[in-house]
Amino acid sequence: MKIKNITVIHGPNLNLLGQREPEHYGSNTLDDINDALTNQAKILNLNIEAFQSNNEAEIIDKIQSLTSDFIIINPAAYTHSSVAIRDGLSAMKIPFIEVHISNVFSREDFRKQSFFSDIAVGVISGLGAEGYCAALNYIAKLNK
């Protein structure tokens, strides 16, 4: 499979990056992350689209509308609660990497449970905003 089009889905409250709990999420804004991904995608000759929503239904609708080759998703709080988003990802059969900015395994116990990890190609947790670029670089290597 030749990968060309990638969609990045940012879940709830990620629009507050840069101001929300910098001890967990760092100082990068969502725009900073999306700009870095866009720049890296150009270098890798990939097309990238970013989407953010605080609304579970909008995320599901977005997933169901995709024709992308690959997804990078940070489900944020929905990681621990959304069977509906999981079902959408499963139904669409688009491979995806689950990304978390903070190390969810060093935080509260409920954050250690993910409804997505077992169906993801991989999980990146705790690398800050760099986790998104790591996912993008991995996807690019699949093309070689």
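**Close-up views of the predicted model**

At 40% relative accessibility, Tyr 138 counts as partly exposed, because that class lies between the 20% limit for buried and the 50% limit for exposed.

**View 1. Overview of the chain, with five helices and five strands.** Starting at the N terminus, the elements follow the order β-α-α-β-α-β-α-β-β-α. Of the 144 residues in the chain, 44% are buried. Among contacts with a separation of 6 or more, 77% join residues 24 or more positions apart. The chain has an accessible surface of about 7,200 Å², and carbon and sulfur atoms contribute 49% of this area.

**View 2. The largest nonpolar core, made of 24 residues.** Ile 6, Ile 72 and Tyr 132 have the most contacts inside this core. At least two core residues come from each of strand 1 (5–10), helix 2 (30–43), strand 3 (70–74), strand 4 (96–100) and helix 5 (130–142). Helix 5 gives the largest share, six residues. Another core, of 14 residues, lies apart from the largest one and includes Ile 9, Ile 63, Ile 73 and Tyr 78. In soluble globular proteins, nonpolar side chains tend to be buried together.

**View 3. The surroundings of Tyr 132.** Which residues does Tyr 132 touch, not counting residues up to four places away in sequence? They are Val 8, His 10, Leu 14, Ile 33, Leu 37, Ile 72, Asn 74, Val 99 and Ile 101. One of these, Ile 72, is also listed with Tyr 132 among the residues with the most contacts inside the largest core.

**View 4. Helix 5 and its packing.** The buried residues of helix 5 are Gly 131, Tyr 132, Cys 133, Ala 135, Leu 136, Ile 139 and Ala 140. Their packing partners are strand 1, helix 2, strand 2 (47–52), strand 3, strand 4 and strand 5 (122–125). The 13 residues of helix 5 should span 18 Å at 1.5 Å a residue, because the expected span uses one less than the number of residues. The end C-alpha atoms of helix 5 are 19 Å apart, which agrees.

**View 5. A nonpolar patch on the surface, formed by Val 121, Tyr 138 and Leu 142.** Together these residues have about 260 Å² of accessible area. Tyr 138 lies in helix 5.

**View 6. The salt bridge between Glu 49 and Lys 62.** The structure holds two salt bridges. In this one, the N to O distance between the side chains is 2.5 Å. Glu 49 belongs to strand 2 and Lys 62 to helix 3 (residues 56–65), so the pair ties together parts that are 13 residues apart in sequence. Are the two residues buried or partly exposed? Glu 49 is partly exposed, with a relative accessible area of 35%, whereas Lys 62 is buried, at 14%.

**View 7. The salt bridge between Asp 118 and Arg 86.** The closest N and O atoms of this pair are 2.6 Å apart. Because Asp 118 sits in the loop between strand 4 and strand 5 and Arg 86 in helix 4 (residues 83–92), the pair ties together parts that are 32 residues apart in sequence. Asp 118 counts as exposed, at 59% relative accessibility. Side chains of opposite charge can pair when their charged atoms come close.

Definitions and conventions:
Residues numbered from 1 in each chain as written. Predicted model: local features only at pLDDT ≥ 70, side-chain atom pairs only at ≥ 80, totals over all residues. Heavy atoms only, no water. Core = buried A, V, L, I, M, F, W, Y, C linked by side-chain atoms within 4.5 Å. Buried < 20%, exposed > 50% of the residue type's maximum accessible area, 1.4 Å probe, protein only. Helix = DSSP H or I, 4+ residues; strand = E, 2+ residues; numbered from the N terminus. Contact = heavy atoms within 4.5 Å. Patch = residues over 30% accessible without salt bridge, like charges linked within 9 Å, V, L, I, M, F, W, Y side chains within 5 Å. Areas by Shrake-Rupley, 256 points an atom, 1.4 Å probe, with all protein chains shown as cover. Salt bridge = Lys/Arg side-chain N within 4 Å of Asp/Glu carboxyl O.
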